Every structure is written in structure tokens, then in C-alpha cells.
Amino acid sequence: MLGLNKNDTTLFLVVLGLTLLAPFILNPFPEGTGMAQFNAGYPDLMQRFVIFGIFAIGFNILFGLTGYLSFGHAAFLGVGSYAAIWSLKLFTLDVIPAIIFAIILAGAFSLLVGFISLRRSGIYFSILTLAFAQMSYALAYSVLTPLTGGETGLQIKGTDTPLLSNVAEGEIGRANFLGMEMGSGFDWAAGGWAFTFNLGYYIAAVAMLIAFYLSIRIFRSPFGIMLRAVKSNQQRMNYTGLSPKPYTLAAFVISGMYAGLAGGLMVAMDTQVGPERMFWTASGEVVIMTILGGAGTLLGPVLGAGFIKYFENIVSKINKDILHNWFAFLPDGFEDVMVSLVYPFVGKGWHLTLGIMFMLVVIFLPGGLVEGGQRLMGLFRRKSKSSEADEADGTEPAE
Amino acid sequence: MDQFIVQILNGLDKGSAYALIALGLTLIFGTLGVVNFAHGALFMLGSFCAVIMSRILSASHKVAVPGETDFLGNPLMRDQPYVYDWFGEAAGATIVDWAVPISILFAIPVMIGVGFIMERGLIKHFYKRPHADQILVTFALAIVLQEVIKYFFGANPIQTPAPEAFDGSLDFGSWLGFDPLTIMYPYWRLVYFLFAALIIAGVFAFLQFTTFGMVVRAGMADRETVGLLGIDIDKRFTLMFGIAAAVAGLAGVMYAPIVAPNYHMGMDFLVLSFVVVVVGGMGSLPGAVAAGFLLGILESFASMPWMVDKLPGINQIIIYLVAIIILLTRPRGLMGRKGVMED
């Protein structure tokens with residue numbers, strides 16, 4: 001289907017199903033029960049899942065395929081965000097042009113950064129991208145305040161009158177898609193469950209599906225093979241008469257455009273942007289997402305992004321009272337012991353859990369969660385096979 | 001002219017911190033070939049050694065103040081550190097006051113121990129893995145370390161003052177024949193600079209003039225041959241890792257009075273010290289030190305008012321700008337050795 005082979009089609013359909021049905025899947029617990037806080041099916045978080053999914057998919061095209069570890073990808077996300085908000089402020093309140101501007105501007109900026117940074121490789125490349133990103137952050141924070149709003153960032157204000165949209169004087173315009181507001185949607189209550197379907201989420205979800213499809217095509221294309229060649233042995237590639245530079249630069253720009261798309265979508269969902277979006281920890285976050293999920297795999301980055309954003313928003317909300325509720329079935333002394341044992345790892349301490357998990361993944365599972373899944377599957381398969389073999393041995397008549 | 005000297009002086013203390021961290025990073029990279037992203041966290045741990053020590057020294061109990069009562073008629077209680085009991089009032093007060101310098105003694109064994117555990121427990125297993133893996137695992141370790149510190153000490157900076165004797169500033173200008181009060185330099189920053197210079201000199205002397213140092217240098221140049229000569233080079237490199245950790249830790253201890261320790265100060269310094277290492281040249285110890293001071297001083301020059309007037313924002317980006325220019329024009333950094341991470 002669509003030029004994909006059978007396995008990829010299945011994968012794509014699974015992702016398609018999961019994304020479109022996310023409001024159901026992420027809300028497995030009825031409202032009002034103790035488990036309801038684990039529901040992630042509210043629009044704000046679902047949007048973040050898919051947007052950071054796009055960001056990580058793009059990063060994976062660069063890091064997963066070519067092995068170039070960029071520590072400055074948040075800069076492209078930030079540039080995309082600023083482009084999108086200016087389009088909303090000046091041009092039209094429709095989000096589609098805003099997102100297109102975001103992609104184009106982020107692409108142009110990544111072309112510039114990539115052209116310079118890709119003259120070096122290894123850790124030098126990482127430091128160069130980091131330096132560019134930190135410079136963009138510092139400039140957006142201070143000197144470029146007329147363009148970026150400095151520390152406070154940019155929002156749509158009552159004084160903005162976009163060229164193509166009819167906004168009354170003093171009215172604060174809202175981002176829309178063909179006239180429908182991003183926040184619109186409908187709620188559906190079924191029994192104890194409440195599901196929210198949100199237009200903004202579905203726009204972001206469709207964007208992610210397109211991004212995911214393109215990434216599958218890139219992975220399977222001759223261009224993708226070239227990128228893998230860059231990773232495995234540049235020298236051999238040179239000897240066969242091919243220059244790695246244009247391929248890596250193309251990968252860099254593509255992943256920059258993905259970051260721009262993610263930045264544009266962020267602004268479309270929540271019309272504001274600040275410079276902290278470009279800080280180097282934001283770049284570090286997408287690195288963690290990609291590695292945690294599995295660099296160089298198709299599904300890995302999406303998984304990693306979902307995983308980290310879930311942690312950030314759900315696990316960080318667990319407080320002492322909730323823990324006491326959980327362990328209430330234990331005798332009094334044990335309850336307190338368990339709570340004080342678990343508490344450092346949840347709530348405000350979720351970064352600690354994340355760090356430990358990240359370490360474990362890097363040490364034991366260099367392929368990330370995807371490799372973990374595959375190993376588990378392999379384990380079961382081998383077990384069932386070997387047990388079959390045992391039976392076969394057992395039933396064979398002895399000579 | 002006096003402005004010029006002020007900026008050089010201002011750059012010295014930050015430059016000293018950069019130089020010390022970069023020195024440790026380069027020691028680790030040069031000996032073990034590992035890119036250690038947790039080095040900033042070691043600096044932060046050092047800083048918290050000072051916090052812990054000052055808390056230990058001022059651990060106190062309640063005693064009654066003789067001859068005074070509170071409004072209920074009970075004897076008035078006040079906190080009295082245990083050291084007052086042990087060493088007497090005057091000596092005790094001095095010890096509490098000098099907590100930061102005293103914590104150097106505490107920090108050295110602690111940091112060498114931390115470095116030893118880190119190397120044997122984690123980094124040892126990453127020698128054969130690609131540099132990207134080393135970066136990632138040490139980055140993760142840095143997150144874990146800083147979160148542990150955050151759990152125990154909270155997210156707010158903790159003021160850790162220098163001894164009272166170092167309060168105030170040195171009127172440096174009057175020495176050089178300028179008007180008084182034009183070039184002022186806080187005493188503690190001067191101490192920090194001298195301390196950093198001492199440590200740097202110590203590390204270089206250790207490597208240059210001891211047999212141990214000679215073996216380590218030989219190992220840095222050609223690890224296999226040293227191994228073939230029957231020397232257990234791994235053991236010595238592990239110790240070097242401990243020393244590098246101690247250097248970072250000491251840089252942190254003495255920096256505590258300048259910037260109040262907080263859990264993310266390591267990350268703030270890490271990015272800049274990597275830039276410093278790369279500018280100085282991967283694997284070059286003199287390069288790391290020189291680049292540390294150079295970038296520290298450049299940064300303070302760039303924040304001079306007339307500089308900021310002419311090129312707004314230059315103070316924010318100067319280090320990165322210099323790094324980009326040097327990396328693109330001098331592939332090996334300022335003093336990089338041939339053949340070390342040149343691609």
C-alpha cells in the first residue's frame with residue numbers, strides 16, 4: 001500500500017489506528033476512580049505526544065541513520081515556532097500557512113547551521129550544533145527582543161490585525177483551521193468514561209502520520225541507504241566515489257524541517273512561544289526521547305516521545321497522599337516505609353526515575369525500548385519453539 | 001587602561017573554574033578516551049561537599065544562656081555548635097567560619113572515591129562502545145546525580161559564605177599606581193585564582209616529575225606498548241580518573257562562596273567547559289588550561305559596556321562564536337595533538 005512493503009504497511013496501519021483512536025486508548029479508566037489520574041486522553045497532553053513524536057521522528061532521521069549526534073535541534077523548533085506566531089500575527093489566523101512558514105524558515109536555518117557544522121563530525125559536530133543553538137537562545141532572549149519578545153515571548157494580542165482575517169479592533173484573534181477554532185471538538189460520555197475529541201489534536205495527528213509515512217519512505221529509499229552508509233563507514237563511501245556531505249546535509253535539513261513542523265504545530269495549538277524552547281536542555285530532551293525509544297528504528301522515536309511526555313505529565317503529579325492511598329492495604333508501619341521508598345522517584349522526583357531508566361537503556365539496551373520489545377518477543381518465540389522441540393524429542397521412539 | 005585590567009581580573013576567576021573543569025575533562029579524555037558529560041555534576045558535587053561540611057561543622061544543640069530567661073521565666077535557650085564545646089568558644093567560631101577551606105580536606109577523599117566508583121562501576125564498561133554511547137550514559141548519570149542532590153538539598157541555592165577574613169576587596173589599582181578604588185578585586189576571587197593556579201601546577205608537576213606521572217603520560221601516548229612492558233596501566237588510569245574528579249570537586253568547593261551551590265550549576269558549567277576543551281584541543285592539557293583562561297577573560301571583555309553598546313548581545317554569544325570560528329579554522333583546536341579525534 002502506498003509504496004510500502006507488507007511489514008511497513010502493517011506498522012503504518014497500527015500507528016494510524018493508535019493515533020486516531022488515542023482519545024479512547026489513553027482514557028482506559030473511568031472518571032472519578034482512583035486510577036483516573038493515569039488517563040492521558042486530554043487534548044493538551046495528546047497534542048504534546050504527537051508533536052514531540054514528530055520532533056523525535058525528524059531527529060531520528062539525522063541521528064538514527066547518519067549517526068551525527070546533534071545537540072542543538074531545539075533551535076530549529078524555536079525558529080519554526082517564531083515563524084508560525086508571526087504568520088498568525090501578521091498574515092492570517094489560519095494555521096496551515098503558519099505551519100508552512102515554520103517548515104520553510106526552520107529548513108532555511110538548518111541549511112545554514114548544517115552547512116557550517118557538517119564540516120566536522122563526531123563530538124566536534126555535537127559541540128558546533130550546541131554552540132549554534134545556545135547562540136540562538138541567547139540572541140532570542142536578549143538582542144532580538146523586537147523579533148522574539150525576549151524573555152516574555154510572543155502571544156497574539158488584541159492589537160494584532162492579520163492581513164487576511166477579519167478581527168475586530170481589540171479582539172484577540174484565535175488560531176483556526178478553515179474557520180474552525182483549534183480548541184473546538186466534542187466530548188462524549190459513555191458510562192463512567194469521558195472521551196474528548198479535539199480538532200487541534202487531529203490536525204497534529206494527521207501531520208504526524210504524514211511525517212511518519214515520509215520517514216518510512218526515507219528509511220526504505222536509496223537515499224536512506226546512503227545515509228546508513230555515512231554511519232557505517234564514510235571512508236569506504238568516499239572510495240566508491242560518493243561524497244557523504246550532500247546526503248548528510250540533506251538529512252540535517254529534513255530533520256530541521258521536521259523540527260520546524262513540530263514548532264509550528266506547537267504554536268498552532270497554544271498560540272505563544274518563548275525562548276526557553278530553544279535552550280539546550282530542550283535539545284537534550286529530544287536526544288533522550290530518541291535513544292530511549294530506539295534510535296534508527298521507525299517506531300522508536302514516537303514511543304520514546306510518548307513515554308517521556310507521559311512521565312512528565314502523569315508520574316510527576318503523583319504526590320504523597322496518592323501514594324498513601326495505594327499502599328493503604330499494608331500494615332501501618334509498612335505503608336509509611338513503602339511511601340518513603342517510592343516517593344523520591346515520583347512526583348517532583350520523576351527526573352530521577354527518567355535518568356535511571358535512561359542509564360539502564362543506554363547500558364543494557366542500546367536499541368532502546370524497541371529492542372527490548374523485540375528481545376522479549378524473541379524470548380517467547382524461542383521458548384515456545386524449544387518446548388515444541390522438547391515435545392518432539394520426547395515423542396520420538398527410542399532406538 | 002584601568003578598565004582593561006578590571007576586565008582581565010574579572011575574567012580570571014571564571015576562567016579559573018573553566019580551566020579546572022576542562023583540565024579534569026581532558027585528563028579523563030586523554031587517559032581513558034572517554035567523553036565525560038558527568039564532569040559538571042562532579043563540580044556540583046564538590047560544591048555540595050562544602051555545603052555538607054559547613055552543615056556538619058555548625059551542627060548544634062540547645063544550651064541555656066546563663067543569667068537570661070525568656071518571658072515565661074524559663075532559661076533562654078540558644079543553638080550552640082558542638083565544635084564550640086570541643087574546642088572552646090573562640091576556636092569553635094573560627095572553625096565554623098572557615099568551613100569552606102576546611103571542606104577541601106573532606107572533598108579530596110570523597111571526590112576521589114566518587115571518581116573511583118564511577119570509573120570501576122560504570123565507565124569501565126564503555127571503553128569499547130562508541131563515543132555517542134559514552135556521552136549518553138554520562139549525560140544520564142549527570143541527570144541522576146543532580147536529581148539525588150536536589151532530593152536531599154532542595155532546589156534553592158544554598159549560601160555558603162567564605163571566611164570573614166576574606167570579606168571585602170583588594171584595592172589592586174593603588175598597587176599599580178592608579179587612583180585608589182578604581183580597580184577593586186574581592187579577596188576571595190583572588191584566593192580562588194591562586195588556588196586554581198596551585199592545583200593546575202600540582203597536576204602538571206605530578207605528571208611531569210613523578211614516575212607515576214611518567215607512566216601515565218606514556219600510557220596516554222601509547223597504551224598498548226606500556227601494557228606490553230608489564231605495567232598495569234588500567235589501574236593507574238583509574239586513579240587518574242579519581243584525580244580528575246577531585247580536581248573538578250575542588251574547583252566546586254572553592255567556587256561555593258562565589259556562586260551559591262544549586263543542583264543544576266554543574267550543567268550550566270558543563271556546556272561551557274566542553275566548549276573550552278574543544279577550543280583548547282581534545283587531549284591537550286595545556287590547551288585546556290589556556291583556553292579556559294582565554295575564554296573567561298574574553299567573556300568578561302565582551303560584557304564591557306562600550307562593547308555591548310557597539311555589538312549588542314555580544315556578551316551572551318562570544319564564547320560560542322569563538323568556538324565556532326576556532327573549530328572551523330583550526331580543526332585540532334588551539335593546541336590539539338595530532339591524531340586525537342581529528343575527524
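How many residues does the contact take from chain A and from chain B? The legends below answer this and describe further views of the model.

**Figure 1. The contact between chain A and chain B.** The contact takes 31 residues from chain A and 30 residues from chain B; two residues are in contact if their C-beta atoms, placed from the backbone, lie within 7 Å. On the side of chain A that touches chain B, α6 (122-141), α12 (280-293) and α16 (350-364) of chain A each supply at least two residues. The largest share, 11 residues, comes from α6(A). Helices (H or I, at least four residues) and strands (E, at least two) are DSSP runs, numbered from the N terminus. This is a predicted model, in which local features need pLDDT of at least 70 and side-chain atom pairs count only at pLDDT 80 or more, whereas totals for chains, interfaces and linings use all residues. Residues are numbered from 1 along each chain as its sequence is written, while chains are lettered from A and ligands numbered from 1 in the order in which they are written.

Figure 2. Strand β4 (residues 185-190) of chain A is hardly covered, for the count of buried residues among its six residues is zero. A residue is buried if 20 or more other C-beta atoms lie within 10 Å of its own, exposed if 12 or fewer, and partly exposed in between, with C-beta atoms placed from the backbone. Six bridges join β4(A) to strand β5 (residues 193-198) of chain A, and the two run antiparallel. The bridge partner of A:Asp187 in β5(A) is A:Thr196. Two residues lie between the strands of this hairpin, where A:Gly191 takes a positive phi near 60 degrees.

**Figure 3. Helix α8 of chain B.** Helix α8(B) has 23 residues (187-209), which should span 33 Å at 1.5 Å a residue; the end C-alpha atoms are 32 Å apart, which agrees. The expected span is 1.5 Å times one less than the number of residues. Among the buried residues of α8(B) are B:Trp188, B:Tyr192, B:Phe195, B:Ile199 and B:Val203. An α-helix has 3.6 residues a turn, so residues three or four places apart point the same way. What covers the buried residues of α8(B) includes α1 (2-32), β4 (184-186), α9 (211-221), α11 (233-255) and α13 (285-302) of chain B.

**Figure 4. The two domains of chain A.** Chain A is divided into domain 1 (6-280) and domain 2 (314-392), with bounds from an automatic or database domain assignment. Taken over C-alpha atoms, the centres of these domains are separated by 30 Å.

Conventions: Two strands pair if DSSP finds at least two bridges between them.
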